[in-house]
Amino acid sequence: MKALSDMPIGFPGLFGGFTIDPDPIALHIGHGVYWYGIILALGLLAGLYLCMKQAKRFGLTEDNVIDMILWATPCCIIGSRIYYVIFYLNLYRNADGSLDWGRMIAVWDGGIAMYGTVIVGLLVAYLFCKRKKLKFFAMTDLCVMGLFLGQCIGRWGNFMNREAFGTDCTLPWRMQLWVSQTQTIEVHPTFFYESLWNLVGLLLALFIVSRARRFDGENTCFYFLWYGLGRSWVEGLRTDSLYLFDWTLFGQPIRVSQALSVVLVIGAVIALVYNIKIKKRDGSDLWVKQVAAAAAANGEADVTGQTGALTETLEPASETVLTESDSAANAAETSKTKEASEAQTERPEESEPADKR
């Protein structure tokens, strides 16, 4: 079911009931500059800023973050669109069954998937870290915090478009949407559920998980565990899910995001148990500590080198001072010897008149 984007949004159970009517298009230029795109961009910038400020805690630099995001952003947009089109392929076919390539690339008409962004983002991060000789899981531990924040903000773009809502709902926070000029529905505001879930996940990752990391990749595991649990629940409420072709499970169609969420949760739990319980990681080999140790070693080498150079500089100077001192001493000794000789030469001349007397 699709809601009309040019009709008001109501909240009949909150504060005595109220409605708002935001225009999904911020600027009516060309195809239109949608609030959805602006909000996604704000989410991206906020996530980037957070990652830059947290980079040192993971043994990375702000330049590492900026360089990677320049590669990741266009790739992730393409990846999220490809993911969506693959699982909604029938929407992009002509009447004769051929593919409508023009509609496939019309991302301005909507249709991107978050998991496509995550999958391509991980691939780009892996290639980037391999090229730059950085620890891949240290990078992902940093980036998932940006993902949490970006998704928290980005989901409000769905609100502006009147999309990503859930099934019928009678709860006080239900959202009222128009599906025709005369018919409304009252539904779960699932966009808000996911936004709030990501906000809580961000706070947990920022103030608890990342501060007690025992291995590179722990933040990443937490992200997939937390996001996967929330997304599998929220996806079950939504009415616009992507389905895994025509496959069914227990007579029900399989929702792609829900199935992937369950797989990621299981994978995250296995990785956490393996690293914490079996390998007993204690944080001693974290990438940030390796970088700090290398920096300390380089600093010690620099001090040793400077001390050696200083010693080499001082030694010739000392030798020069000693040589000059010896020369002065020798000159003084020569002078005294000369004076003594002259004195002895003068004494016989002075005693000669006494002998004559």
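A: Let us begin with a definition: a contact means heavy atoms within 4.5 Å. In this predicted model, among contacts between residues at least 6 apart in sequence, 68% join residues at least 24 apart.

Q: Which secondary-structure elements does the chain have, and how many?

A: The chain has 10 helices and eight strands.

Q: What share of the residues counts as buried?

A: A residue is called buried when its relative accessible area is under 20%. Of the 357 residues of this chain, 38% count as buried.

Q: Which residues touch the most other members of the largest nonpolar core?

A: A nonpolar core is a set of buried nonpolar residues joined through side-chain atoms within 4.5 Å. The largest one here holds 50 residues, and Leu 60, Leu 142 and Met 145 touch the most other members. Helix H5 gives the largest share of this core, eight residues. Apart from this core lies another, of 13 residues, including Ile 39 and Met 160.

Q: What does Leu 142 touch, leaving aside residues up to four places away in sequence?

A: Among the residues that Leu 142 touches are Cys 51, Phe 58, Leu 60 and Val 65.

Q: Is Arg 162 buried or exposed, and is Phe 250 buried or exposed?

A: Arg 162 counts as buried because its relative accessibility is 3%, whereas Phe 250 is exposed, with a relative accessible area of 78%.

Key:
Residues are numbered from 1 along each chain as its sequence is written. This is a predicted model: local features need pLDDT of at least 70, side-chain atom pairs count only at pLDDT 80 or more; totals for chains, interfaces and linings use all residues. Side-chain values use heavy atoms; hydrogens and water are left out. Buried means under 20% relative accessible area, exposed over 50%, partly exposed in between (1.4 Å probe, protein chains only). Helices (H or I, at least four residues) and strands (E, at least two) are DSSP runs, numbered from the N terminus.
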